[in-house]
Amino acid sequence: MTNSQLSNRRLQVTALAVLVGVVVLFVPIPLTLAAPQERHLRIEASRYQYTPSVISVNPGDKVTIDLTTTDVVHGLYVDDYGVSTTADPGQTSRLTFVADKAGTFALRCFAPCGPLHPFMVGKLNVGPNWLLWRAIGVAGIAAFAGFWMFRK
Amino acid sequence: MMRQETARQETRRYELTQVPWLKRLLVSRWPLFLARAITLAGFVLTIFAGLIGSPVGSHNFAIIFVWIAWWTFLKLIAIPFGGRAWCSVCPIPAMGEWIQQGALVGPDGRGLGLGRQWPRRLRNVWLPTGAFGAIGLFSAVTLTQPRVTGWVLLGFILLAVVLSLVFERRTFCRYVCPIGGFIGLYSRLAPVQVRVKDRAVCAAHKEKTCVTGSVLGYGCPWQAFPVVLTQNTNCGLCMECLRSCPHDNVAVSVRPFGADLSQRAGRSLDQAYFGFMMLGSVVIYSIVMLGVWGYLKAAAYNIGTLAWFAYSAVLLAFTLGMLPGLFLLAVGAGRTLAGSKVSLKKTFVAQSHAIIPLGLMAWVAFTISFAFAKFSYVWSVLSDPFGWGWNLFGTAQLPWTPYLSSITPLLQVLALLGGLVWTSIWVRRIAQEELPEKLATRQSLPVMLFCLVFTIGMLWLLVG
């Protein structure tokens with residue numbers, strides 16, 4: 001195979017892999033979603049975790065979180081939603097929002113609660129974590145493309 | 001194939017030093033000296049802030065600047081694009097080097113120091129590997145306690161001074177510094193290099209001033225011999241060889257990313273293991289620091305407890321045993337499938353260099369997780385570095401605000417997938433150094449499976 005043919009083949013495989021990768025990563029998947037409902041969740045914060053640490057709701061759900069804390073003041077900030085609340089020991093604080101963005105979002109403590117405060121996180125799943133599954137799919141394509149693209 | 005590849009890459013370099021003003025800038029000692037003076041001033045402030053400032057990490061310059069700003073800058077920008085550029089302005093060895101050279105700027109001082117050679121058996125990266133592992137064992141405390149960060153940095157600077165007084169040149173940087181080891185490993189991927197232009201000129205040059213030094217410049221502080229330099233690992237981008245070469249035979253060039261991976265020289269077991277230490281560390285840190293499991297964070301933090309010993313044992317077993325062990329199995333399986341006659345050790349070492357991009361991009365993805373989320377603390381500690389209630393620039397009260405949280409997961413996915421593609425290219429290319437195409441494919445498949453599983457694991461940890 002000449003260098004020119006090799007370059008052409010690499011270009012074709014690259015273009016195909018990028019195209020398939022973009023499709024897998026970004027094309028919307030038509031799904032029958034559950035009807036939105038009201039979700040009432042209780043989260044207990046303590047150094048340095050939330051219990052439960054992962055909460056799952058459906059897109060469109062109206063979510064109410066009651067945050068309590070067992071030791072010191074803790075906060076709860078929902079990434080990308082930009083909503084937050086703070087709980088003092090012995091008291092319950094309430095946070096309500098509509099889960100109108102699908103995906104997985106970090107829950108972060110934003111009230112300094114001790115040395116490991118920066119690493120106190122939880123997760124909110126709104127619908128299936130499609131980004132993860134799509135990324136795993138693309139990983140297979142990526143490995144294949146990289147592997148075959150530059151063979152002699 | 002590999003020779004063709006190397007030749008092809010040689011033609012894809014652009015010599016920056018052929019631009020007159022750029023060359024003058026690189027040869028001049030003042031820009032690097034000024035940059036170093038600034039980083040040293042920042043370093044001193046960091047140590048003071050750590051030792052006497054607020055014990056609350058998010059209100060202390062030491063924690064925020066070292067572990068959020070600098071560490072992020074290093075992994076997302078300095079190493080991927082500049083290789084060892086940071087080492088050229090690093091403040092840690094500065095004082096030791098100035099004392100050793102007896103001068104701040106030019107090679108005209110009478111230095112101090114015994115100038116001994118570093119022991120031969122330690123001329124590798126096993127010591128930085130151990131040091132990085134040790135940092136990992138205490139990371140939950142070092143990353144969060146300003147005083148510990150202050151003492152660690154002070155310890156680094158004192159160690160660098162002592163080693164500069166006893167041993168020759170930048171022994172600390174090359175053979176001891178764990179961060180230097182980290183930077184050196186991944187600097188191979190950077191699109192910048194310092195190399196000689198024509199080896200014949202060097203061969204005819206009897207004085208070898210790039211090694212011995214002259215009135216124009218010091219001999220290589222990194223104890224490298226520029227004429228045989230084929231990788232960035234041991235080049236600190238200090239530009240001394242550019243200054244000391246009387247034949248204008250040294251070039252600073254930009255080149256394709258990852259160009260060093262095609263170089264067989266410099267592949268060694270210690271470098272391979274350092275790579276696994278990095279690969280394993282990023283997994284463990286992702287689980288402990290970014291995971292939702294509070295008991296793991298507590299185990300990593302409570303030094304001396306049974307839980308901490310368990311955490312330490314798992315970290316060391318995973319990074320130094322399990323991960324390289326699984327990779328060895330993959331390499332062995334590939335070797336069997338291909339019927340390769342190349343020794344298992346040689347194949348293991350060679351293939352382990354193919355996964356350097358996987359490691360770098362995993363660190364990039366890991367860093368993205370917390371860097372953007374915590375970066376807004378930088379503005380407040382700039383105004384109040386000690387956490388004493390100052391408001392120097394009017395930014396002390398700015399609220400914590402996570403940046404780019406809507407695209408952070410996607411950026412992490414792209415980084416990890418990019419690392420996988422990059423590595424898969426080199427897994428195949430390195431296999432083809434010794435084997436024909438079909439056998440190289442068989443050799444590579446189990447290694448690719450290892451890389452794929454690693455990537456999926458990191459995806460699950462970071463965006464799952």
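Guide: Let's start with burial: a residue is buried if 20 or more other C-beta atoms, placed from the backbone, lie within 10 Å of its own, exposed at 12 or fewer, and partly exposed in between. In chain B, 49% of the 464 residues are buried. Keep in mind that this is a predicted model, where local features need pLDDT of at least 70 and side-chain atom pairs 80 or more, while totals for chains, interfaces and linings use all residues. Residues are numbered from 1 along each chain as written, with chains lettered from A and ligands numbered from 1 in written order.

Visitor: How many helices and strands does chain B have?

Guide: We take DSSP runs, numbered from the N terminus: helices are H or I with at least four residues, strands E with at least two. Chain B has 22 helices and three strands.

Visitor: Which residues of α16(B) are buried?

Guide: They are B:G294, B:L296, B:K297, B:A299, B:A300 and B:Y301. That's six of the eight residues, so α16(B) is largely enclosed by the rest of the structure. Their cover includes β2 (49-51) of chain A, plus α8 (139-142), α15 and α17 (306-338) of chain B.

Visitor: And how many residues does each chain bring to the contact?

Guide: Two residues are in contact if their C-beta atoms, placed from the backbone, lie within 7 Å. Chain B brings 42 residues and chain A 36. On the chain B side, α21(B) gives the most, with eleven residues.
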